[in-house]
Amino acid sequence: MRLDKFLASTGRLTRSQAAKAARAGEISVCGEIVRAPDRHIDPEVDEIAWRGELLTYRRFTYVLLNKPDGYVSATEDGRDPTVLELLPDELQRQALFPCGRLDKHTLGLMLLTNNGPLAHRLLAPKSHVTKTYAFTLRDPLDPEEAVRLEKGVWLEDGAGERYMTKPCTITLEAGCTAGTVVLTEGKYHQVKRLFEEAGNKVVTLERTTFAGLTLETIPERGQWRYLTAEEEQALLAHAGLSSLSQKV
Ligand code: URA
């Protein structure tokens with residue numbers, strides 16, 4: 001791999017800044033100053049430092065975000081702010097995209113990555129990734145209605161066809177206007193449409209888990225963090241991708 005490409009992959013420098021830094025003698029490879037941005041290096045083996053700071057190579061980046069209200073799950077939007085805008089510039093340069101969508105007014109856990117194959121696997125209909133949503137409803141939901149919804153209901157798929165939702169788990173709080181729903185699929189507006197099917201309306205919606213990841217470690221809206229190496233491994237395993245197949 002070229003040195004400048006490696007430097008850009010860390011998110012700390014753009015490719016042109018990387019080339020400038022190399023020419024300025026700011027980059028060392030295994031302790032030796034390297035001024036040629038096109039020098040070939042092995043990111044798995046070589047120790048690369050910028051201004052004396054060791055840079056670690058991660059082929060892909062994984063970020064967990066607590067999505068605030070009003071942001072859209074897109075990389076660009078002409079009207080509304082996107083979830084990408086909540087991340088610092090160096091992350092915005094890494095071609096991250098949201099792994100799955102939350103509606104503009106849905107809050108909570110969102111995974112952003114530039115690992116296309118992983119996102120594809122996690123979002124594939126047959127992957128059955130578990131997601132938990134905390135909801136509040138306009139009207140109390142009859143527990144018997146909740147049981148009916150749990151078993152599956154017919155919804156329109158948007159192309160004139162109907163499909164049966166997969167079984168889900170609904171837990172109602174006292175008063176029956178709030179609770180959680182655990183889904184193993186992710187159809188368009190699924191939670192809202194599920195409760196609409198029972199003549200009700202979702203008032204607030206927050207995703208609290210996704211593929212084994214939880215919101216607890218990023219409690220503030222707009223807060224983000226990198227996945228730990230262990231979480232990354234668990235996610236790859238969840239998607240049936242070994243870490244070996246994810247290396248360069
Ligand atoms: N279901 C919805 O209706 N909206 C979301 O944002 C996520 C799931």
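In helix 4, which spans residues 116-123, the buried residues are Leu118, Ala119 and Leu122. Viewed down the axis of helix 4, these buried residues fall within an arc of 95 degrees, so they line one face of the helix. The model discussed here is a predicted one. Packing against the buried residues of helix 4 involves strand 5 (62-67), strand 6 (97-98), strand 7 (107-113) and strand 13 (202-210), together with helix 7 (229-238). At the N-terminal end, helix 4 is capped by Asn115, which places a side-chain oxygen 3.1 Å from the backbone nitrogen of Leu118.

Turning to the overall layout, the protein is divided into domain 1 (3-54), domain 2 (60-127 + 222-248) and domain 3 (130-210). The centres of domain 1 and domain 2, taken over C-alpha atoms, are separated by 26 Å.

The largest pocket holds about 720 Å³ of space. Its lining comprises 31 residues, and the closest of these to the pocket centre are Arg101, Gly186, Lys187, Tyr188 and His189.

Helix 7, one of the packing partners of the buried residues of helix 4, contains Glu232. Glu232 counts as buried because its relative accessibility is 15%, with the cut-off for burial set at under 20%. Leaving aside residues up to four places away in sequence, Glu232 touches Arg58, Tyr62 and Leu227.

Key:
Residues are numbered from 1 along each chain as its sequence is written. This is a predicted model: local features need pLDDT of at least 70, side-chain atom pairs count only at pLDDT 80 or more; totals for chains, interfaces and linings use all residues. Side-chain values use heavy atoms; hydrogens and water are left out. Buried means under 20% relative accessible area, exposed over 50%, partly exposed in between (1.4 Å probe, protein chains only). Helices (H or I, at least four residues) and strands (E, at least two) are DSSP runs, numbered from the N terminus. The arc is that of the directions from the helix axis to the C-beta atoms. Contact means heavy atoms within 4.5 Å. A polar contact is a pair of N or O atoms within 3.5 Å; within protein, one must be able to donate a hydrogen and the other to accept it, and residues adjacent in sequence count only if both atoms are side-chain atoms. Domain bounds come from an automatic or database domain assignment. On a 1 Å grid over the protein atoms alone, a cavity is a set of points where a 1.4 Å probe fits but cannot get out, and a pocket is an open set with protein on both sides within 12 Å along at least five of seven lines; lining residues have an atom within 4 Å of a point. Grid points are joined across faces, edges and corners, and a volume is the space filled by probe spheres set on the points.
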